[in-house]
Amino acid sequence: MPFTHLKPLNRLLGSPRARHPHVAPQAVSVTNTSTTRPGGRSSAPGIPGDAEYDVVIVGAGISGLTTAQALAKQYSDAVPRLLVTEARDCVGGNIITRRDGGYQWEEGPNSFQPSDAVLRAAVDAGVADRLVLGDPKAPRYVYWGGRLRATPSGPDVLTFDLLSLWGKLRAGLGAAGFKAPLPEREESVKEFVTRNLGEEVFQRLIEPFCSGVYAGDPAKLSMKAAFGKVYDLEKGGGSIVGGVLALMKARKQKPPEPRPADLPPKPKGQTVGSFDKGLVTLPSAIAEELGDRVVTGWKLESIDRSGDRFQLTYDTPQGRKKVSARSVALTVPAYTAASLLESRFPKLGKALSSIYYPPVASVALSYPETAILPERLGSDGHLAGFGQLHPRTQGVTTLGTIYASSLFPGRVPEGKVLLLSYFGGATNTRVATMPHGEIVSQVDKDLRKMLIRSDAESPHTVNVTVWPRAIPQFNVGHTDLIQEAKDDLASQGWQGLHLGGNYVAGVALGKCMEAGYKQAAELASHVKSLAT
Ligand SMILES: Cc1cc2nc3c(=O)[nH]c(=O)nc-3n(C[C@H](O)[C@H](O)[C@H](O)COP(=O)(O)OP(=O)(O)OC[C@H]3O[C@@H](n4cnc5c(N)ncnc54)[C@H](O)[C@@H]3O)c2cc1C
Ligand SMILES: C=Cc1c2[nH]c(c1C)Cc1[nH]c(c(CCC(=O)O)c1C)Cc1[nH]c(c(C)c1CCC(=O)O)Cc1[nH]c(c(C)c1C=C)C2
């Protein structure tokens, strides 16, 4: 289990894509083989213009789809007329699974933490039997001082060698409360962690962890917004240990509600999950269940208000269409929400357009198993572990690499390994304009320092995807920006327009799903309040 003594942090913590030339591609990928993207849906031509709905959800990424799924399953009485609209020709948003030549890989997210929200979505979509879980013991490595070192995994918390003895002592003392108090001003992740746990924990564990979750810059990310649960520990308990104890006491006094009987058992340890045919299984299954309540190729062009209804104008394969709704959930990226609303809501426009999305490349390379350095092989002779992260100080450009073929079975031809590396991010924005060949060469060069034999043959490039705007950064001030945007909408009585999506919910897939369920309840309650 990685980062165990920081477990709370972990816990929180087809081309052309667009049907229309004016829809900006979300990611640009080049695959060595021709494939079609699973999960694609054709647009439903049957939706009439000027149709009236109770709720319209804009965006069929995981946030919009789980909101719709919950509305359809739990609130169909309050919300009988529901429509989900997606600009691209397929559902899933960032979730893109591809398969070809014996390989299966993810271009966007690679896995999720199997929280109850995720399990609920899988059960409701009828795909719980297709869940696959990674080995909870698979180590995560950090490259430090010329070696890959396992992050602590419980029993080895005192002996692991990623931190020095002094680093461990400093972290222990700080966690117990021997540290400067929480300041009034909002701290960055770097400031918070250095103050609480010391420089070593920051440099060797948390800085790479920020790459592995946000591809972000920890000097800019906000502790409160990016890792709120850990922030709350110190705030609520005076120290990290104090916060954990207070939380345990509160849980004892008010035990959690029993889990619904239809959910699969809670997975043991800190594992990650996917589906046998990849992450796209879930959005595809939800969209399938929703049937003609989902339309693709529908790009929202404008939103207006008339009386107590919202008027939405779309560019669709059948031309311009208008629909009206009592309530709208906008689950598009922050920059899209800003451009749709800024003329009427300048404060919202300024707030949302300032949320930064750095570019990230995901690079899938395959090597023969014989190319792996012998010391990286497990007792079964295969590459062992979840993956590795590379602190920015260690002379490696690639942010990190997931051992994709080790994590879940059946994703490579016999005798091969598939490594999914990430490149760029908030501290290396040059990736957006780098030729793909150059990115691949650099990743390969980096891997030969740590994982691949220096004399190994060149890798087979399975895929390179460059996300020009990959992940929203929860930088210092983020919580205030979201509040400003919501306040601006409320000031003109537009509470029926809900802002959703990962820049509000949190970037983890599980967070998006959790927020989707909450948003469904709010939308249903808004619609009910209008009806009475
Ligand atoms: C490279 C990468 C790796 C990641 N790895 C992980 C991981 O391992 N685990 C994890 O938990 N998370 C990971 N994430 C984060 C996670 O994938 C996202 O936070 C999540 O998928 C966001 O879902 P969403 O529905 O909020 O947004 P999106 O997926 O962005 O969906 C928004 C949708 O809105 C549509 N849209 C945009 N404009 C319009 C318009 N005008 N009209 C109609 N529709 C519109 C878009 O086409 C899109 O489909 C990763 C992300 C990236 C980019
Ligand atoms: C640039 C590299 C990235 C890698 N994954 C992501 C990026 C930006 C995005 C990402 N990864 C995770 C999440 C969800 C977090 C959550 O709270 O559930 C997101 C948005 C999961 C994750 N991946 C790694 C860790 C340590 C975590 C946290 C949860 C866990 O422990 O499982 C590690 C990791 N991510 C990447 C690599 C190369 C890597 C290496 C070990 C890629």
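1. Which polar backbone atom is 2.8 Å from an oxygen atom of ligand 1? The atom belongs to N94. Side-chain values here use heavy atoms, with hydrogens and water left out. The model is predicted: local features need pLDDT of at least 70, side-chain atom pairs count only at pLDDT 80 or more, and totals for chains, interfaces and linings use all residues.

2. In the side chain of S63, an N or O atom is 2.7 Å from an oxygen atom of the ligand. For I62, a backbone N or O atom lies 3.1 Å from a ligand oxygen.

3. On its own, ligand 1 has 1000 Å² of accessible area (Shrake-Rupley method, 1.4 Å probe), and the protein covers 91% of this area. Of the 31 residues around the ligand (a heavy atom within 4 Å), S63, E86, S111, V507 and L509 come nearest.

4. The largest cavity has a volume of about 50 Å³. A cavity is a set of points on a 1 Å grid over the protein atoms alone where a 1.4 Å probe fits but cannot get out; lining residues have an atom within 4 Å of a point. The volume is the space filled by probe spheres set on the points, which are joined across faces, edges and corners. Among the lining residues are W105, F408 and R411.

5. The second largest cavity has a volume of about 30 Å³. L509 is one of its lining residues, and L509 is also among the residues that come nearest to ligand 1. I62 lines this cavity as well.

Technical notes. Residues numbered from 1 in each chain as written. Chains lettered and ligands numbered in written order. 1 Å grid on protein atoms, 1.4 Å probe; cavity = no way out; pocket = protein on both sides within 12 Å on 5 of 7 lines; lining within 4 Å. Polar contact = N/O pair within 3.5 Å; in protein donor to acceptor, adjacent residues only side chain to side chain.
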